[in-house]
Amino acid sequence: MERLSKLSERVMNIPVNTINTPGHDVAEVKELIGSLWSQRPIILLFTALTVTAAIAYALLATPEYEVETTVRPVPMADLDELNESGLYKILPNDALNNVGSSMQSYDVRLKFFQANPQFLAPLQVPGQSLEETFEKFNEKAFSLEKIDPRKSSSLTEAVGLSLRYPQGVDGVGILKGFTDYVVKVEKEKVAANLKTLIANRIENVEKKLESKKSIYEAEKDSRIAHLLEKDQLKKQVLQDELKALRQQLQSRRQNRIKELDEAIVIAKKLGIVKPTTPSALGDGEQTHQGNMIRTEVNNQKIPLYFLGQAALEAERATLVARNSDDFTEPRIDEIQKELSLLATNREAALLKERNHPELFLKEFADIRGELTHLKQVDVNFDQFNLVQVDKDATPPQAPIKPKKALIVGFGLIFGLLLGVGVAILRRAMFSLQTSRR
């Protein structure tokens with residue numbers, strides 16, 4: 001509070017200046033102009049010093065140049081060879097974006113200068129690595145701009161790349177070489193991607209073919225096993241039937257022999273040696289005069305012993321000496337024929353002899369066609385470009401820095417202002433000393 005009161009007292013004690021009249025102002029201005037005119041050597045000296053400094057800077061500063069290039073998307077027809085492969089598809093704008101991304105990539109730029117160290121040789125100082133030189137150069141050298149047709153007069157998208165470089169550096173060579181390097185890198189990426197896609201597709205198709213072959217082999221083995229099992233079953237059934245028939249025929253022969261034995265005994269008892277009939281046997285010793293034809297009608301089966309002992313014994317001897325009864329049954333011939341046919345399954349044998357199972361696959365033609373197409377895909381990347389250089393880098397007409405006229409002009413203005421300021425300050429100091437006296 002005390003400080004405020006003292007401050008207010010000092011303010012109250014300050015003498016109030018009277019309002020200057022216009023004549024007084026004019027006099028003061030004339031006096032100021034006269035003072036400045038009298039001090040013109042000082043003003044000219046400071047002006048000359050600043051202008052000299054500006055001229056020296058403009059002459060001694062290292063000139064900086066700027067060069068730029070513009071790339072645009074290629075027509076769609078230029079990418080037909082690649083897109084028609086059916087494996088890799090890229091649009092012109094996508095290719096442009098990929099090239100722009102590579103141009104902006106720090107790693108791509110570093111690899112370019114590592115592959116071309118001569119471009120940074122003028123900037124490299126002893127003891128400094130290429131990476132350190134590139135780090136400093138890359139901070140402000142490159143400038144990338146994507147031109148949007150909706151926000152500019154351009155009808156298509158474009159990517160503009162500019163490069164600022166000091167005198168002594170081959171900026172045009174850097175920008176041209178870097179643009180070609182980026183396009184080449186992107187082509188190599190596309191080629192590598194296409195090659196990988198083709199290799200993967202071929203591998204998948206070959207795996208599909210092998211899978212189909214495996215399935216076919218399994219089906220073939222299953223078919224062969226089914227055929228052989230079916231034949232084996234039929235063989236066993238026929239063999240069982242053949243065995244049963246032979247047992248039946250043997251049993252019939254044994255029964256026939258027994259029947260013949262009984263008939264032989266009866267024939268011996270009746271004294272029937274040669275075949276006769278019941279009526280002839282009943283006539284006995286009756287004598288018949290003249291020729292007589294005997295006709296016997298009998299619905300009953302004549303007993304076997306009427307064949308006579310001689311015939312029965314002959315038949316029995318033949319049956320006992322018989323080794324096989326197969327010829328007496330036609331079915332046995334049929335069974336043996338069927339068994340003979342079943343000895344070899346021709347379908348199974350042909351299936352086993354197939355050395356190229358892929359020829360019997362339904363989809364083999366399509367798979368082979370796809371493999372042939374994949375192996376014949378050959379895109380000549382030297383015949384087309386991913387982007388087109390719309391504006392190539394050309395040597396600049398003049399440096400962009402330093403702007404000599406502007407620097408000298410600013411030096412002149414600054415020198416005048418500085419000289420006038422010093423003159424006014426000297427006048428004020430002189431007036432202060434005069435008032436104190």
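These notebook entries record what I looked up in a predicted model of a single chain.

**Entry 1. Overall content**

I began with the secondary structure and found 14 helices and four strands in the chain. I then looked up burial: of the 437 residues, 30% are buried. Among contacts between residues at least 6 apart, 81% join residues at least 24 apart.

**Entry 2. Strand E3 and its partners**

I turned to strand E3, residues 158-166, and asked how many of its nine residues are buried. The count is seven, and I recorded the strand as mostly covered. I next looked up the pairing. Strand E1 (residues 64-73) runs antiparallel to E3, and eight bridges join the two. Strand E2 (residues 142-147) is also paired with E3 in the antiparallel sense, over six bridges.

**Entry 3. Salt bridges**

As a general point, side chains of opposite charge can pair when their charged atoms come close.

I examined the pair Glu 157 and Lys 146, which form a salt bridge with their closest N and O atoms 4.0 Å apart. Glu 157 sits in the loop between E2 and E3 while Lys 146 belongs to strand E2, so this pair ties together parts 11 residues apart in sequence. I recorded Glu 157 as partly exposed, at a relative accessible area of 23%.

I then moved to Arg 331, whose side chain meets that of Glu 334 in a salt bridge with an N to O distance of 3.1 Å. Both residues lie in helix H11, three residues apart, and about one helical turn separates them. Arg 331 also forms a salt bridge with Glu 338, at 3.7 Å from N to O. Which residues make up the network that includes Arg 331? I listed Glu 241, Arg 331, Glu 334 and Glu 338 as linked by salt bridges.

Arg 331 is partly exposed at 23% relative accessibility. Glu 334 is partly exposed at 43%, and Glu 338 is partly exposed at 26%.

**Entry 4. Asn 345**

I looked up Asn 345 and located this residue in the loop between helix H11 (330-342) and helix H12 (346-352). Is Asn 345 buried or exposed? At 14% relative accessibility, Asn 345 counts as buried, because the cut-off for buried is under 20%.

I noted that a polar atom of the Asn 345 side chain lies 3.0 Å from the backbone nitrogen of Ala 348. Leaving aside residues up to four places away in sequence, Asn 345 touches Leu 227, Leu 228 and Asp 231.

**Entry 5. A nonpolar patch**

Finally, I looked for nonpolar surface and recorded a patch of about 220 Å² made by Ile 266, Leu 270 and Leu 281. I placed Ile 266 in helix H8, residues 171-270. Ile 266 is partly exposed, with a relative accessible area of 33%.

How values were computed:
Residues are numbered from 1 along each chain as its sequence is written. This is a predicted model: local features need pLDDT of at least 70, side-chain atom pairs count only at pLDDT 80 or more; totals for chains, interfaces and linings use all residues. Side-chain values use heavy atoms; hydrogens and water are left out. Patches are made of residues with over 30% relative accessible area and no salt bridge: like charges are joined within 9 Å, nonpolar side chains (Val, Leu, Ile, Met, Phe, Trp, Tyr) within 5 Å. Accessible areas come from the Shrake-Rupley method with a 1.4 Å probe; for residues, only the protein chains shown count as cover. Buried means under 20% relative accessible area, exposed over 50%, partly exposed in between (1.4 Å probe, protein chains only). A polar contact is a pair of N or O atoms within 3.5 Å; within protein, one must be able to donate a hydrogen and the other to accept it, and residues adjacent in sequence count only if both atoms are side-chain atoms. Contact means heavy atoms within 4.5 Å. Two strands pair if DSSP finds at least two bridges between them.
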